[in-house]
Amino acid sequence: MKVVKDDGKIDELLTRGVDRIYPSKEKLEELLRSGKKLRLYQGFDPTGDKLHIGHMVGLRKHRQWQDLGHEVIFLVGDGTGQAGDPTGKAKTREKFFTQEELRANAKNYLTQAKKIVRFDGPNPIKIMYNGDWLNKLTLVDVLNIAQHFSVQQLIERDMFQGRLKEGVSINLREFLYPLLQGYDSVAMDVDLELGGSDQTFNMLAGRMLMRAMKGKEKFVMTTPLLSDSKGVKIGKSEDNIIGLTDEPNDLFGKIMSLSDDAIIPLFTLLTDVPLDEINSFNIKKNPMELKKKIAHLLVATLHSEKEAKEAEEFFFKTFQKGEIPDEMMEMRGDSLMDAAVSSGIVSSRTDFRRLVEEEAIVNLDSGDIVSDSNFTPDSGTRFKIGKRRFGRFISDPS
RNA sequence: GCACCGGUCGGAUAGCGGCUAUUCCAGGUGACUGUAAAUCACCCGCCUUCGGGCAUCGUUGGUUCGAGUCCAACCCGGUGCACCA
């Protein structure tokens with residue numbers, strides 16, 4: 001595949017969804033216009049099993065590079081993951097992952113990433129594992145890498161400064177993390193590294209190492225973190241993560257329940273809607289319509305156009321008109337409480353009783369509020385639990 | 001090795017030996033809505049025949065009528081000092 005030199009495309013690549021470019025945008029632009037094919041990568045430490053919409057920003061940027069014909073590497077951080085990236089951590093993490101765990105998580109990451117980037121077809125993304133080289137380094141190799149860093153440089157990071165001030169420990173293990181990530185650039189001999197703006201320090205460490213060990217200028221491109229206009233991170237509050245594999249209805253619902261302030265950032269960072277159009281949006285006037293639109297677009301991207309339509313319809317019927325969904329989860333068990341607990345729809349029997357007391361459980365077929373927690377309905381009866389949970393009771397006295 | 005500090009709910013915090021373990025964040029339910037956001041109210045260990053029962057402040061013992069709180073030992077984390085002959 002030939003490298004695309006189209007001005008408009010290059011401009012979009014360098015501006016939309018870009019936080020900063022090191023050393024400068026102009027230098028990179030010049031290089032791109034020359035038509036040189038660049039080798040670039042973005043690393044993902046598989047320390048969880050889910051990618052969320054925050055990851056999507058970087059992956060989309062990945063895809064853009066891919067579409068322009070450059071050599072793009074999806075780097076699985078099964079080596080760096082063992083060190084434990086201290087970025088954004090006010091404390092040393094307590095758990096370090098084993099290689100097996102990381103490899104297992106990586107599998108999930110890859111299936112999820114497939115929704116955004118291409119692993120096959122023209123100019124497919126290459127998958128690499130940094131454990132392949134990091135695990136082979138000897139201590140002496142590490143020393144030779146460490147030679148290029150000073151303690152002052154590493155300790156300069158805000159988070160370490162903060163910890164020093166508070167008297168919180170800085171474990172040597174995490175302290176050395178930037179060396180590992182930096183070495184990735186050297187090992188793969190890349191021209192550019194892509195990552196979230198929170199990764200700037202680590203990526204610049206790689207830039208420095210690259211110059212020291214290979215005499216090469218590595219570019220660094222950072223993408224903004226997904227946050228609303230008040231700077232609040234979107235969809236990352238532990239239980240409320242918007243995952244790339246969330247079911248269409250769930251995904252649609254979660255996006256609808258985001259703050260209005262999130263709408264513009266979502267359009268800018270996660271869709272191809274032209275910037276002119278986005279600028280013309282009137283958030284104050286019709287926030288809900290716009291939110292529906294973004295929810296629809298995202299479901300269509302992560303699932304399919306058909307499912308997006310269905311999810312929108314489901315949303316519209318269920319929540320705006322108060323209608324009952326056609327399909328609902330089955331709850332099997334002896335009593336209603338049994339069934340709800342064993343199907344995982346509520347977390348414990350106590351929790352179920354609490355919901356009954358709060359009059360949150362409604363028998364959809366009779367319209368009655370369930371008031372007795374030991375109630376055993378007829379098999380097939382449908383229930384609404386709270387505002388988002390639905391279930392069909394199936395009698396199963398085993 | 002020595003000294004000091006700490007370990008309490010998913011996270012962060014409070015807790016002169018006394019009954020019901022505090023507050024904040026996150027989360028749930030209801031009201032209001034656009035499933036918004038903001039706000040307000042209630043809730044937020046488990047089991048229950050709804051009377052109550054059981055568990056729980058790092059672990060194990062002890063002192064006491066009574067221990068998250070005092071004592072001892074141990075485990076874990078941190079900080080400082082020493083060692084580096």
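Author: Start with a rule for helix angles. Under 35 degrees counts as roughly parallel, over 145 as roughly antiparallel, 65 to 115 as roughly perpendicular, and the rest as oblique. We will apply that rule to a predicted model.

Reader: Which helices should I take, and at what angle do they cross?

Author: Take α13 (residues 248-256) and α17 (residues 305-320). Their axes come within 9 Å and cross at roughly 60°. The two helices are therefore oblique to each other. The crossing of α13 and α17 is right-handed.

Reader: Which residues of α13 and α17 make the contact?

Author: From α13 come Pro-248, Asn-249, Phe-252, Gly-253 and Met-256. From α17 come Glu-307, Ala-308, Glu-310, Ala-311, Glu-312, Phe-314 and Phe-315. Sorted by class, the contact has 7 nonpolar, 2 polar and 3 charged residues.

Reader: Where do the domains of chain A lie in the numbering?

Author: Domain 1 covers 7-223, domain 2 covers 238-320 and domain 3 covers 329-395. Over C-alpha atoms, the centres of domain 2 and domain 3 are 30 Å apart.

Reader: Now sheets. How do strands of a sheet pair?

Author: They pair through backbone hydrogen bonds, either parallel or antiparallel. Take the open sheet of 6 strands here, whose order is β1-β6-β5-β2-β3-β4. Its pairing is mixed.

Reader: Which strands stand at the edges of that sheet?

Author: β1 (20-22) and β4 (126-129). Each has a single partner strand, so one side of each is left without a neighbour in the sheet. Neighbouring strands of this sheet are turned by 25° against each other on average, direction ignored.

Reader: How many bridges join β5 to β6, and do the strands run parallel or antiparallel?

Author: There are 5 bridges between β5 (residues 192-196) and β6 (residues 219-223), and the strands run parallel. Gly-195, for one, has Thr-222 in β6 as its bridge partner.

Reader: Which strands does helix α11 lie across?

Author: Helix α11 (residues 177-188) lies across β2 (39-44), β3 (71-76), β4 and β5. It runs at about 145° to β2.

Reader: What is the strand order in the open sheet of 4 strands?

Author: The order is β7-β10-β9-β8, again with mixed pairing. β7 (329-333) and β8 (361-363) are the edge strands, and each pairs on one side only. On average, neighbouring strands here are turned by 35° against each other, direction ignored.

Reader: How many bridges join β9 to β10?

Author: 4 bridges join β9 (residues 382-385) to β10 (residues 389-395), and these strands run antiparallel. Lys-384 has Phe-390 of β10 as its bridge partner.

Key. Residues are numbered from 1 along each chain as its sequence is written. Chains are lettered from A and ligands numbered from 1 in the order in which they are written. This is a predicted model: local features need pLDDT of at least 70, side-chain atom pairs count only at pLDDT 80 or more; totals for chains, interfaces and linings use all residues. Domain bounds come from an automatic or database domain assignment. Axes are lines fitted to C-alpha atoms, for helices over the stretch in contact, and angles run from 0 to 180 degrees between N-to-C directions. A crossing is left-handed if the near helix is turned anticlockwise from the far one by less than a right angle, and right-handed if clockwise. Two residues are in contact if their C-beta atoms, placed from the backbone, lie within 7 Å. Ala, Val, Leu, Ile, Met, Phe, Trp, Tyr, Cys and Pro count as nonpolar, Asp, Glu, Lys and Arg as charged, and the others, Gly among them, as polar. Two strands pair if DSSP finds at least two bridges between them.
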